[in-house]
Amino acid sequence: MTLRRMDNVGIVVEDLDAAVAFFTELGMEVEAKAEIEGLFADQTVGLDGVRSDIAMMRTPDGHGKLELAQYHTPAAVGDASHDAPPNTLGLHRVMFAVDDIDDTIARLRRHGAELLGEVAQYENIYRLCYLRGPSGIILALAEQIG
């Protein structure tokens, strides 16, 4: 059997509504929302008593998806500082291609996003940056030049 596709990237967040607002501002659309609980959820993730709310977000072209999850029980765990640097082991960023990087940064700043460095240019091909969003999520943005 061969791999068919990558369906989505899952991200655990502290505040689902804030994360949905952030990714909606970026240009993603809510595909579905659901409350997840029960034996199948416990068996799937290997935890007992799972109760979470999820929102499936999709890019405008329908190919890219994020599953945002807020765990109510058991509570989410992790470093509450949300200041892990980009070279931390594990999943560290999600990259999006955008039409106007400056406008995107300005709109996301209204939702608490902060640049990790600055907008940089790679040759005459891309303008790039890293931003920290809700729950410490790191986004990379790329604007093709020309």
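Me: How many helices and strands does the secondary structure of the chain come to?
Reply: First, a heads-up: this is a predicted model, where local features need pLDDT of at least 70, side-chain atom pairs count only at pLDDT 80 or more, and totals for chains, interfaces and linings use all residues. Residues are numbered from 1 along each chain as its sequence is written, and side-chain values use heavy atoms, leaving out hydrogens and water. Helices (H or I, at least four residues) and strands (E, at least two) are DSSP runs numbered from the N terminus. Along the sequence they follow β-α-β-α-β-β-β-α-β-β-β-β, and that comes to three helices and nine strands.

Me: What share of the 146 residues in the chain is buried?
Reply: Buried means under 20% relative accessible area, exposed over 50%, and partly exposed in between, with a 1.4 Å probe and protein chains only. Of the 146 residues in the chain, the buried share is 32%.

Me: Which kind of aromatic pair do Phe22 and Phe23 make?
Reply: Rings of Phe, Tyr and Trp (its six-membered ring) pair if their centres lie within 6.5 Å; planes under 30 degrees apart count as stacked, over 60 as edge-to-face and the rest as tilted. The whole structure has two such pairs. In this one the ring centres are 5.2 Å apart and the planes sit at 85°, so Phe22 and Phe23 are edge-to-face.

Me: How many residues apart in sequence are the parts that Phe23 and Phe96 tie together?
Reply: Phe23 and Phe96 form a tilted pair, 6.4 Å centre to centre with 50° between the planes. Both are buried, with Phe23 at 0% relative accessibility. Phe23 belongs to helix α1 (residues 16–26) and Phe96 to strand β5 (residues 94–97), so the parts tied together are 73 residues apart.

Me: Which element gives the largest share of the lining of the second largest pocket?
Reply: On a 1 Å grid over the protein atoms alone, a pocket is an open set of points where a 1.4 Å probe fits, with protein on both sides within 12 Å along at least five of seven lines; lining residues have an atom within 4 Å of a point. The second largest pocket is lined by 14 residues, with Ile36, Thr44, Val45, Glu67 and Tyr71 nearest its centre. β1 (9–12), α2 (39–45), β3 (51–58) and β4 (65–73) each supply at least two lining residues. The largest share, four residues, comes from α2.
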